[in-house]
Amino acid sequence: MLAFYNEHHAQHRGRFEIFRGEMVPCFEKPERADLVVAEFARRGLGQVVTPHGVPLVSLERIHTPRYLHFLRTAWSEWLALDPANATKDAFPAVWPVRSLRDDVEPENFCARMGLYSMDSGTPLTAGTWIAAKTGADCAVNAAHALRLGEKGTFALTRPPGHHAGADFFGGYCFLNNAALAAQHLLDDGAKRVAILDIDYHHGNGTQSIFYGRDDVLFVSIHGDPRTEFPFYLGYADETGTGAGLGYNMNLPLAAGATPAQWFAALETACIRINSYAPDALVVSLGVDTWAGDPISKFTLQSADFLRIGERLGYLGLPTAFVFEGGYAVDEIGINVVNVLEGFET
Ligand code: Q9C
Ligand code: ZN
């Protein structure tokens with residue numbers, strides 16, 4: 001399996017996030033990707049290559065130009081406020097919720113951070129743009145390699161992507177790598193693409209991007225949003241709108257769900273993907289479903305990840321895996337590579 005890896009990911013290194021009234025070290029840290037790339041190499045799964053940079057117009061297929069401009073220039077705006085900000089991460093301050101206007105663009109930087117974000121857990125740092133951009137490069141390159149005949153590819157990226165919408169960041173995500181991969185496949189000739197999101201958290205960004213479309217089927221297995229992040233999307237009654245009606249499938253499971261319950265949901269997801277008959281599959285591969293994950297509440301064991309890969313391989317589709325969440329650093333390399341190895345066998 002061909003893997004695309006961006007060493008610039010390490011430039012996105014948040015200092016802390018606010019968690020239950022406390023500043024805690026960021027869960028989404030560079031060591032995550034380092035461990036996955038090390039395990040991928042150790043198991044001899046295939047080549048790891050640096051992606052070609054994709055033009056900004058490729059990102060504009062998914063994200064709005066003004067959001068991309070904001071992300072690209074945010075750090076210099078933050079520094080312009082005060083040179084001492086160089087040693088601090090940038091956070092949003094005010095969000096345009098119901099009754100506030102989201103059609104204005106305030107001059108205040110922290111206010112605009114709110115306009116373009118959904119939560120307070122996603123610090124923006126000096127290297128966020130370069131890391132997110134080269135991560136998106138990995139995803140588009142992984143999609144492109146499928147069109148060149150690869151059967152399975154892996155975008156070994158961070159920061160993750162599936163919570164990022166067309167014009168907002170959040171949930172540790174800035175650019176929606178899976179959406180960019182799916183859109184690239186379509187732009188390159190695919191008629192239909194399925195996205196299967198198996199991260200513990202609902203991929204609200206990906207769902208919202210494709211909610212009105214029938215050329216991308218979005219299927220997600222995740223912790224029930226009544227108790228789990230992102231809370232405000234991911235319910236079973238969200239089935240798409242307009243032309244997209246019937247092309248969105250949410251399979252929420254209660255926190256604490258067993259491997260048997262999880263695999264039953266995977267079977268439902270695979271049956272729907274089969275009936276859609278896509279030309280290619282994009283997998284949002286989070287391994288925060290593992291029993292030991294520090295911020296999640298499913299109970300998958302490391303061996304279960306091999307079975308996931310096997311089941312996905314049985315779909316027989318050209319498949320681009322895109323790395324999402326997974327925070328139990330010591331185990332994520334094993335769990336991610338187990339999926340990829342299962343897929344190949
Ligand atoms: N501080 C992904 O897995 N915060 N994002 C949860 C823990 C948000 C997870 C509370 C979790 C987002 C890609
Ligand atoms: Zn997650």
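This is a predicted model: local features need pLDDT of at least 70, side-chain atom pairs count only at pLDDT 80 or more; totals for chains, interfaces and linings use all residues.
Select Thr 153 and look across to strand 10: the residue opposite is Ala 320. Residues are numbered from 1 along each chain as its sequence is written, while chains are lettered from A and ligands numbered from 1 in the order in which they are written.

Now show strand 5 (residues 152-156) and strand 10 (residues 319-323). They pair in the parallel sense over four bridges. Strands are DSSP runs of E, at least two residues, and helices are runs of H or I, at least four; both are numbered from the N terminus. Two strands pair if DSSP finds at least two bridges between them.

Eight strands form an open sheet with parallel pairing, in the order 4-1-5-10-9-6-7-8. At the edges stand strand 4 (48-49) and strand 8 (248-253); each has a single partner strand, so one side of each is left without a neighbour in the sheet.

Next, select helix 9 (residues 302-314) and helix 10. Their axes come within 6 Å and cross at roughly 30 degrees. Axes are lines fitted to C-alpha atoms, for helices over the stretch in contact, and angles run from 0 to 180 degrees between N-to-C directions. Helix 9 and helix 10 are therefore roughly parallel to each other. Angles under 35 degrees count as roughly parallel, over 145 as roughly antiparallel, 65 to 115 as roughly perpendicular and the rest as oblique. Color the contact, which includes Phe 305 and Leu 306 of helix 9 and Ile 334 and Val 339 of helix 10. Contact requires C-beta atoms, placed from the backbone, within 7 Å.

Among the contact residues are Leu 35 and Val 36 of helix 1, with Ile 332 and Val 336 of helix 10.

Finish at ligand 1. Of the 17 residues around ligand 1, Phe 19, Gly 121, Pro 160, Gly 171 and Gly 325 come nearest. A residue is near if its C-beta atom, placed from the backbone, lies within 6 Å. The shell around ligand 1 has six nonpolar, seven polar and four charged residues. Ala, Val, Leu, Ile, Met, Phe, Trp, Tyr, Cys and Pro count as nonpolar, Asp, Glu, Lys and Arg as charged, and the others, Gly among them, as polar.

Definitions and conventions
Two residues are in contact if their C-beta atoms, placed from the backbone, lie within 7 Å.
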